[in-house]
Amino acid sequence: MAEVLKGLTCLLLLFAQKRGNVKHLVLFLHEAVLVQYVDTLKLAVPSLIYTLQNNLQYVAISNLPAATFQVTYQLKILTTALFSVLMLNRSLSRLQWVSLLLLFTGVAIVQAQQAGGGGPRPLDQNPGAGLAAVVASCLSSGFAGVYFEKILKGSSGSVWLRNLQLGLFGTALGLVGLWWAEGTAVARRGFFFGYTPAVWGVVLNQAFGGLLVAVVVKYADNILKGFATSLSIVLSTVASIRLFGFHLDPLFALGAGLVIGAVYLYSLPRGAIKAIASPSTSASGPCIHQQPPGQPPPPPQLSSRGDHITEPFLPKLLTKVKGS
């Protein structure tokens, strides 16, 4: 159902881009989806993986406390970074590697706390199965996210068109899975049986949250999106304590703190890192050549490495120009 809502939303946005002209929209979709069928078929791979990932998340959250799941699921940042290096030839700074190591350490501490029986848990939960589902989901999330980013940034298609194509495959795969697993129950009770307000809330969150993620991937990058998502750990932990009686112990606080610390380290600008790394230079101040009065100042000198402040932003700027 989330894929259907996502597809309908993208269709409405494309309709608005065509200024309400149905004929232009139909011709555009025919050209983009059917004529350029090779580009459409490329979206089948991440769509299949996203469908698998969504089901793995439900298995994981059914077997882990919500706060533990939220912290452990941040391993997708590590898998996304590794796939970005392998598939996009992206280079990570030393600080980024350190932050990824801190992230892994924090998640490992949280899992050690969970394995040690940190607080009561329902009898029907299986932490081992939950951990396996989270790891598989993180691997699939990292690969699918980087693959989708490569498609978005390597073509002129809009985010809404690509998500519509994803929704077509996702809806078809979801219907096949539903018929295979629950076909008899759906035929007897109806498709919308069990759709409570809470279920509709999850569906809406999945649908529109996915669109927001696609926009972030298009105009930022996948690793940055993953680190920003880590901030939800705090909200998830507070909600788990209030709603489910989650027990917050020192081990969990240490692990979650390391993950949040990794977010802070990754977000530091490069100029600030170099200033921190060489405090003596900053304290003494740079050597400034005094220009005689009445003469124009000399032109600024750039190093052979380029401007280290604006250089990281140039690829994103070129991407925006290409996609516009």
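User: What makes a helix crossing right-handed or left-handed, and which applies where helix 2 passes helix 9?

Analyst: A crossing is left-handed if the near helix is turned anticlockwise from the far one by less than a right angle, and right-handed if clockwise; helix 2 passes helix 9 in a right-handed crossing. This is a predicted model, in which local features need pLDDT of at least 70, side-chain atom pairs count only at pLDDT 80 or more, and totals for chains, interfaces and linings use all residues. Residues are numbered from 1 along each chain as its sequence is written, and side-chain values use heavy atoms, with hydrogens and water left out.

User: Why are helix 2 and helix 9 called roughly perpendicular?

Analyst: The axes of helix 2 (residues 22-35) and helix 9 (residues 159-189) cross at roughly 65°, and angles of 65 to 115 degrees count as roughly perpendicular, so the two helices are roughly perpendicular to each other.

User: What makes the contact between them, and how do its residues divide by class?

Analyst: With contact meaning heavy atoms within 4.5 Å, helix 2 contributes F28, L29, A32 and V33, while helix 9 contributes L161, L164, Q165 and L168. These residues divide into seven nonpolar, one polar and no charged.

Technical notes: Axes are lines fitted to C-alpha atoms, for helices over the stretch in contact, and angles run from 0 to 180 degrees between N-to-C directions. Helices (H or I, at least four residues) and strands (E, at least two) are DSSP runs, numbered from the N terminus. Angles under 35 degrees count as roughly parallel, over 145 as roughly antiparallel, 65 to 115 as roughly perpendicular and the rest as oblique. Ala, Val, Leu, Ile, Met, Phe, Trp, Tyr, Cys and Pro count as nonpolar, Asp, Glu, Lys and Arg as charged, and the others, Gly among them, as polar.
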